[in-house]
Amino acid sequence: MDKRTFIKSSFLGIAGVFTLGLSSKLKAAKSRKKWNGEFVLPELPYPYDALEPFFDSETMALHHSKHHAAYTNNFNAAVKAAGLTGKTAHEILSEISKYPAAIRNNGGGYLNHKMFWKMIAPATGKQPSKELVDALIRDFGSLDAFKEKFGAAARTVFGSGWAWLIVGEDKLKITSTSNQDSPIMDIATEKGVPLLCLDVWEHAYYLKYQNRRPEFIDAFWNVVNWDFVSDRYSKRKTTATT
Ligand code: MN3
């Protein structure tokens, strides 16, 4: 082998190794797309201070990085212990009557917060779509009457829980749940597809609003992500799959 051929073949050898390395990396990336059954704390679609002054930065940071993170970790542990790995959160919650309390509480906490973060967003002053407004007028009388009724449901949750706007079988409904229960659970008295929810656990508002839950509920209307909620209504989406 002369010097030139040697250099050429060495170069091809290096290029070959490089190409092989790249293609195995691509294969690995493709195989990663298959879900491994582990629930992951979702990133917030906005910074912690983006909902100021309505929802304060410190509450948002603790609520997401501590509370929601704990529900997520505990849900993973409970799912593993019960041998349910591979089922989606929606699948598990829709047959929650079969499972232990740790799955009900932490699975609800995991999925409720995952929905909640998407249903709120930095204030834009936007309103619901015409299609959704028409449905709210049909079922509650007016947009203001809907807000009043939803607010009343949120104010009157005794202790910890959530207020919900759901798509029921034939119309929109307002309901509330205790603890981390949700309208997608088979044990719910009012079942339906959630369009909008509000967390009224004290951890959601106490740092800024202390015992003034009604003020927190009033502030909530400024940060409702009506684009997302209207889109959910137009597609009648079921809840997130994981
Ligand atoms: Mn919470």
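**Entry 1: Glu95**

I began with Glu95 and looked past its neighbours within four places in sequence; Glu95 is in contact with Lys87 and Asp186. The model I am reading is a predicted one. I then asked myself where Glu95 sits. I found Glu95 in the loop between helix H3 (89-93) and helix H4 (101-119). Its side chain makes a polar contact with the side chain of Lys87, at 3.3 Å. I also noted that a network of salt bridges links Lys87, Glu95 and Lys98.

**Entry 2: the metal site**

Next I turned to the manganese ion. Which protein atoms are its donors? I listed His63 (NE2), His113 (NE2), Asp199 (OD) and His203 (NE2), lying 1.9 to 2.1 Å from the ion. Along the sequence I can write the spacing of these donor residues as H-x49-H-x85-D-x3-H. His63 lies in helix H2 (residues 57-81) and His203 in the loop between strand S3 (193-199) and helix H7 (206-209), so this pair ties together parts that are 140 residues apart in sequence. Are His63 and His203 buried or exposed? I found both of them buried.

**Entry 3: the core**

I looked up the largest nonpolar core and found that it has 64 residues. Those with the most contacts inside this core are Ile120, Phe146, Phe150, Leu165, Leu172, Leu196 and Phe220. H4 gives the largest share of the core, seven residues. A general note for myself: in soluble globular proteins, nonpolar side chains tend to be buried together.

**Entry 4: salt bridges**

How many salt bridges are there? I get a count of ten. In one of them, the side chains of Lys126 and Asp227 meet at 2.6 Å, N to O. Lys126 lies in the loop between H4 and helix H5 (130-140) and Asp227 in helix H9 (residues 226-235), so the pair ties together parts that are 101 residues apart in sequence. I noted Lys126 as partly exposed, with a relative accessible area of 45%, and Asp227 as partly exposed at 41%.

I then moved to helix H5, where Asp134 and Lys130 lie four residues apart, about one turn of the helix. Their side chains meet in a salt bridge of 2.8 Å, N to O. Asp134 is partly exposed at 37% relative accessibility, whereas Lys130 is exposed at 64%.

My last stop was Arg138, which forms a salt bridge with Asp139, the closest N and O atoms being 2.8 Å apart. Arg138 counts as exposed, at 53% relative accessibility.

Terms used:
Residues are numbered from 1 along each chain as its sequence is written. This is a predicted model: local features need pLDDT of at least 70, side-chain atom pairs count only at pLDDT 80 or more; totals for chains, interfaces and linings use all residues. Side-chain values use heavy atoms; hydrogens and water are left out. Helices (H or I, at least four residues) and strands (E, at least two) are DSSP runs, numbered from the N terminus. A polar contact is a pair of N or O atoms within 3.5 Å; within protein, one must be able to donate a hydrogen and the other to accept it, and residues adjacent in sequence count only if both atoms are side-chain atoms. Contact means heavy atoms within 4.5 Å. A nonpolar core is a set of buried Ala, Val, Leu, Ile, Met, Phe, Trp, Tyr and Cys residues joined through side-chain atoms within 4.5 Å. Buried means under 20% relative accessible area, exposed over 50%, partly exposed in between (1.4 Å probe, protein chains only). Donors are N, O and S atoms within 2.8 Å of the metal (3.2 Å for Na, K and Ca); water is not among the atoms, so sites may look incomplete. A salt bridge is a side-chain nitrogen of Lys or Arg within 4 Å of a carboxyl oxygen of Asp or Glu.
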